[in-house]
Amino acid sequence: MPLKTSLFYLPSVGTRADIEAGMAGLRGDLYQRMLQDVSEQARLADALGYDSINFTEHHFHIEGMELSNNPVMLDLFVGMQTKRIRVGQLGIVLPADNPIRIAEDIAMLDHMTGGRANAGFARGYQRRWVDVMAQHTHGVHGVAPHQHDAVDAANRDAFEENFRIIKRCWTEDMLQWEGKLWRIPVEGTPWTVEASSKYGKGIENGIVRAVGVVPKPVQKPHPPLFQPFASSESSIRWCAQEGVTAVLPPMHAKHETRLTELYAAVSGRRAGDGVAFLRDIVIADSDAEADHLWQESSRFMAQAWFEPFGFRRLMIDPDTKVAPTPQEMIDLGYVLVGTVDTVCRRFESMLKRLPVEWIFFWAFNGLVSNAAILRTIERWQTQVLPKLGLA
């Protein structure tokens, strides 16, 4: 069957030199350039038949990396310039936000894009901002990958309660909720507006007994659901039980196989259905050029930003306790970097060991030039996939 490809952006602002100069996040000119580049890339992907484009959520990134504080607004920015590509979030950090507002925002996005919204929800791992933004929720903090303690438990509880509220906002006319974190409506709230009694619902004897969250999404029962970047058994089980597509970050092949098989076993679906894989993709005129672009973008970001958060641990072989070198990551297909022929060969090696139906293409905007990303977007869809019979 045709393989689906989606774009994923942090997005960052500026080149590596801009970031290394310091405080790139303050520069409005770099932010404007990011918007222009992402706009052009989205329009090309739309024309070529990519499935979706997705943005993350982070705050306070004065460094210029992951300057993406409102993915829904970026979705709308892209959605207003495209015709068919879906727009989503990977993802909104539920423990740090209000579930009703999220439900409203995504439903509005769904209407404004003609039913093209996806909904992606994350737990949040960066304490610098999650602790600030989630301070209204007692005991909720950011959690590092594979953290298992009381902080992790409180974060998961908040994530799951907010998730369930959002789904009910979308699927039920009137909402009532009593949980650990939320009471909807607040008990004893007075409301004596006559129009509500005549034309609305949820009012009894001048007291609010239920609220109606509107608008409802265009898509029924709700937009497709995603979780980035699922890497633990508990996350995979939850995604499989809730019908959420799990987007797996690059990790050792043994982890990828185990989690993909676990999703299939819990969901009862065929292996690969409901699972997507995140990959760096850089396609250039030569392997040397592609490798240079990858080193200046993905490897720079990994060493400067992601490895301090513990993401490198996902690449460690659970048996030998050894992680592949950057070159071995390329050779083994953990990243798809090279000419069209080289990328085809490396992607084939991935296809032989995994039931791949969906790739999320990590586009390192700014760190890779706009022209180079546009070439990769086009070559992947018009040369790599057709050559492998996946278009």
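**Entry 1: ground rules**

I number residues from 1 along each chain as its sequence is written, and my side-chain values use heavy atoms, with hydrogens and water left out. Because the model is predicted, local features need pLDDT of at least 70 and side-chain atom pairs count only at pLDDT 80 or more, while totals for chains, interfaces and linings use all residues.

I take helices (H or I, at least four residues) and strands (E, at least two) as DSSP runs, numbered from the N terminus. I call a residue buried under 20% relative accessible area, exposed over 50%, and partly exposed in between (1.4 Å probe, protein chains only).

**Entry 2: helix α3**

Which residues of α3 are buried? In this helix, residues 71-79, I found P71, V72, L74, D75, V78 and G79 buried. They sit on the same side of α3, because they cover an arc of only 160° around the axis. That arc is taken from the directions from the helix axis to the C-beta atoms.

Next I looked up what these buried residues pack against. The partners are α2 (28-48), β2 (52-55), β3 (86-89), β4 (92-93) and α4 (99-112). Contact here means heavy atoms within 4.5 Å.

I also checked the N-terminal end of α3. N70 caps it, with a side-chain oxygen 3.2 Å from the backbone nitrogen of V72. For polar contacts I use a pair of N or O atoms within 3.5 Å; within protein, one must be able to donate a hydrogen and the other to accept it, and residues adjacent in sequence count only if both atoms are side-chain atoms.

**Entry 3: salt bridges**

How many salt bridges does the structure hold? I have 28. The rule is a side-chain nitrogen of Lys or Arg within 4 Å of a carboxyl oxygen of Asp or Glu.

I started with E63 and R128, whose closest N and O atoms are 2.8 Å apart. E63 lies in the loop between β2 and α3 and R128 in helix α5 (residues 127-133), so the pair ties together parts that are 65 residues apart in sequence. E63 is partly exposed at 22%, and R128 is partly exposed at 41%.

E233 and R258 come next, meeting at 3.0 Å, N to O. This pair links distant parts of the chain, 25 residues apart: E233 is in helix α8 (residues 233-242) and R258 in helix α9 (residues 253-267). E233 is partly exposed at 40%. R258 is partly exposed at 33%.

Then I turned to R156 and E160, a salt bridge at 3.7 Å, N to O. Both lie in helix α6 (residues 150-171), four residues apart, about one turn of the helix. Here R156 is buried at 15%, and E160 is buried at 18%. The two belong to a salt-bridge network that links R156, E160, R164, K167 and E242.

**Entry 4: a buried charge**

D51 lies in the loop between α2 and β2. D51 is buried yet has no salt bridge. The nearest side chain of opposite charge is K4, 4.7 Å away. Lys and Arg count as positive and Asp and Glu as negative; His and the chain ends are not counted. Leaving aside neighbours within four places in sequence, D51 has contacts that include K4, R84, R86 and W358.

**Entry 5: T113**

I found T113 in the loop between α4 and β5 (119-122). T113 is buried at 5%. A polar atom of its side chain lies 2.8 Å from the backbone oxygen of L109. Not counting residues up to four places away in sequence, T113 touches G79, M80 and V87.

**Entry 6: cysteines**

I looked for disulfides, meaning a pair of cysteine sulfur atoms within 2.5 Å. The count is zero. C169 is buried at 1%, and C344 is buried at 3%.

**Entry 7: backbone**

Most residues other than glycine have a negative phi, and most peptide bonds are trans. I noted the following exceptions.

- The bond from I184 to P185 is cis, with omega near -5°. P185 lies in the loop between β7 (183-184) and α7 (194-199).
- The bond from K220 to P221 is cis, with omega near 0°. P221 lies in the loop between β9 (207-208) and β10 (225-228).
- F60 has a positive phi of about 70°. F60 lies in the loop between β2 and α3 and is partly exposed at 42%.
- N205 has a positive phi, near 50°. N205 lies in the loop between β8 (203-204) and β9 and is exposed at 81%.
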